[in-house]
Amino acid sequence: MPATPELDWNDRTDHDNATRGLIDRLDPCIVRNDSGRVVWDNERWAFLDRDCPPTVHPSLWRQGQLNRIHGLFEVVPGVYQVRGLDISTMTIVEGDTGVVVVDPLTSKEVAAAGLELYRRNRGDRPVMAVVYTHSHADHFGGVLGVTTAKAVEAGECAIVAPEGFLHHAVSENVFVGPAMFRRAVYMYGHSLPAGPEGQVGFGLGQGAASGAMGLLAPSEAVTATGQEMVLDAVPLVFQLTPDTEAPAELNVYLPDRKVLLIAENASHTLHNVLTLRGAQVRDAHAWASYLTESIQLFGGAEVLIGSHHWPTWGRAEVLNLITEQRDAYAYLHDQTVRLMNRGLTGPEIAEELAEFPGELGRAWSVRGYYGSISHNVKAIYQRYMGWYDGNPAHLWQHPPVEQAKRYVAAIGGADATVAKARVAFDEGDLRWAAELLNHVVFAEPDHAAARDLQIATYERLGFAQENGTWRNAYLTGAKELREARHTGDADTARTKRSSRGGSTDMLAALSTRQLFETMAVRLDGPRAAALRLLMRWEFADTDTDIGEVWTLLLGNGVLTSMRGDAPGGEPPQLTLRLERSTLDRILAGQATFTESVGSGAVAADGDLAVLPTFHDLLEEPLRKFPIVLP
């Protein structure tokens, strides 16, 4: 499709900034884990060096070319960035004796590779501190690649994070991680091959690294804007920005270098008010307000760097980029609310606000590569008004399969519905074709003609998208329909549950209360409703001399955790004595309760039947549940 005419295709500023300061790079840019498995391969996007084909939006192609640029870069003397080894960027600030690492990427392997790339050019400097800018895994998951729990416990390395970081990192990545990870396959195109007819990136980055994820709990919390710290003689000034791009987030200013690290609050794309993978709806109004505060607090900044993308140099240029980003979120918020108060619903507002006006519409930095105007507007509506649009017809609708059966019957049957979808497809009304065909596929999953036409519809929709996440969603939907057609098994996805043998790194950073809360959201409430179980847990390896004692009460289909003894002195049916690390291994799937009792890792007094009864009520999440099929 033709390029958007309003954009200045001759502007090379982004390319110049993305390549500026290059010191060294990995050749090839491939990272493997200890067993030799590839966890990052930047070479798979080498096709982006060619001209844009008709199967990719030219603007998204340009963004992919910029994001593929990789290596170690000097931002200013003493401040370096590792880019192109993950979706995110790792910043390294030199101090007196070592370095401060900001946002250590997604996994241990890529973080270690990035640090090694730095060290082979700047010397083997120890990591004296790690700063997490926010609570998303691609900004903390690689921490064990740059430091160790032992170093943190010994006071040799500080871990700094915004107030509330650990709670939000847990609630997003542990509580609903399985559902989000499944939807992330669609959003990020994890299962798509890289190529002109597949994954070309998604605006914020090219892909997310795999490998071993970990989490070390913060040793220092940033609790107020204006708070200052000196880490290895590096002065830092913090700005708290909660409920912006993440529920716990901060910006970092380096006053002696005049460098503002603005986390993920400003980047070279329009971001998400609500991600397609799922999350809490973000506050676009607060987001814009905090960017105004950033301008006021750090107006002297001469360089802007972020947790993604390339830097911006020059005081005027920094101000312009932050202003563009601020105005984009403010415009979407204010105009959505204006039209909401006129009575329009989320989808109606999204159609009304299809493009940014004037200069904002011509700004590369707010193109909808990652977030989109359409789904951000709907998210703002959802934040204020919820899922219900006020129309009673939408208050108690049939679920998708029953609704699909009724629509297909009303239209005249599956074949008639497919015929109408074919007309819409031929006329270019792909949205209507997709909706009609979705009803057929949900009503009659084995209808071959509906599946085939839906595959073609999704592919044509995907190829046209400037938004990388929309492209990935459509093409992944087409891929999964095609695979289901070939296997003839629409139920395969339903049976794939989380496998045993997961990592305990994330779990080890959680409090015992948080661990029990993860068990509560796995409890099959309807099956448990008729039972009342009371269990006492005594942990031996805690930070206190007497250890931790917890009571778990199962009643009314709810698992309640209480520190200490049960209220009223009610005796437990079962008492368990164990180390916390044993519970971590059980929850990670490396062992079971029964095995642990048998091996002596868990000592049990009381009714031993309680334990298997309880364990049987904990549901393993589905690893691959169906999305484009019922």
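Is Thr55 buried or exposed?

What we have here is a predicted model, where local features need pLDDT of at least 70, side-chain atom pairs count only at pLDDT 80 or more, and totals for chains, interfaces and linings use all residues. Residues are numbered from 1 along each chain as its sequence is written, and side-chain values use heavy atoms, with hydrogens and water left out.

Back to Thr55, then. Thr55 is buried, because its relative accessible area is 15% and buried means under 20% relative accessible area, exposed over 50%, and partly exposed in between, using a 1.4 Å probe and protein chains only. You will find Thr55 in the loop between strand 3 (38-41) and helix 2 (58-68). Leaving out residues up to four places away in sequence, Thr55 touches Pro196, Glu197, Phe463 and Arg471, where contact means heavy atoms within 4.5 Å.

Now let's zoom out. The protein chain has 22 helices and 21 strands. With a radius of gyration of 26 Å, close to the 25 Å that the globule rule gives for 630 residues, the chain is as compact as a globular protein of that length. That radius is taken over C-alpha atoms, and the rule is 2.2 Å times the number of residues to the power 0.38. The C-alpha trace spans about 75 × 70 × 50 Å along its principal axes. Of the 630 residues, 55% count as buried. Among contacts with a separation of 6 or more, 72% come from residues 24 or more positions apart.

Next, a pair of helices. Two packed helices are described by the angle between their axes and the distance between the axes. Helix 14 (residues 430-443) and helix 15 (residues 448-463) pack at an angle of about 145°, with axes 9 Å apart. Here the axes are lines fitted to C-alpha atoms over the stretch in contact, and angles run from 0 to 180 degrees between N-to-C directions. Among the residues making this contact are Leu430, Leu437 and Val441 of helix 14 and Leu453, Tyr458 and Leu461 of helix 15. The contact residues divide into 10 nonpolar, three polar and two charged. For that count, Ala, Val, Leu, Ile, Met, Phe, Trp, Tyr, Cys and Pro are nonpolar, Asp, Glu, Lys and Arg are charged, and the others, Gly among them, are polar.

Let me show you one more buried spot. Gly346 sits in helix 9 (residues 346-352) and is buried, with a relative accessible area of 3%. Apart from neighbours within four places in sequence, Gly346 is in contact with Val377, Lys378 and Tyr381.

Most residues other than glycine have a negative phi, and most peptide bonds are trans. Asp27 and Pro28, though, are joined by a cis peptide bond, with omega about 0°. Pro28 lies in the loop between strand 1 (22-24) and strand 2 (30-32).

And which phi values do our two alanines have? Ala233 has a positive phi of about 70°, and Ala263 has a positive phi of about 55°. Ala233 is in the loop between strand 11 (228-231) and strand 12 (234-240) and counts as partly exposed at 43% relative accessibility. Ala263, in the loop between strand 14 (259-261) and helix 7, counts as buried at 1%.

Conventions: Helix = DSSP H or I, 4+ residues; strand = E, 2+ residues; numbered from the N terminus.
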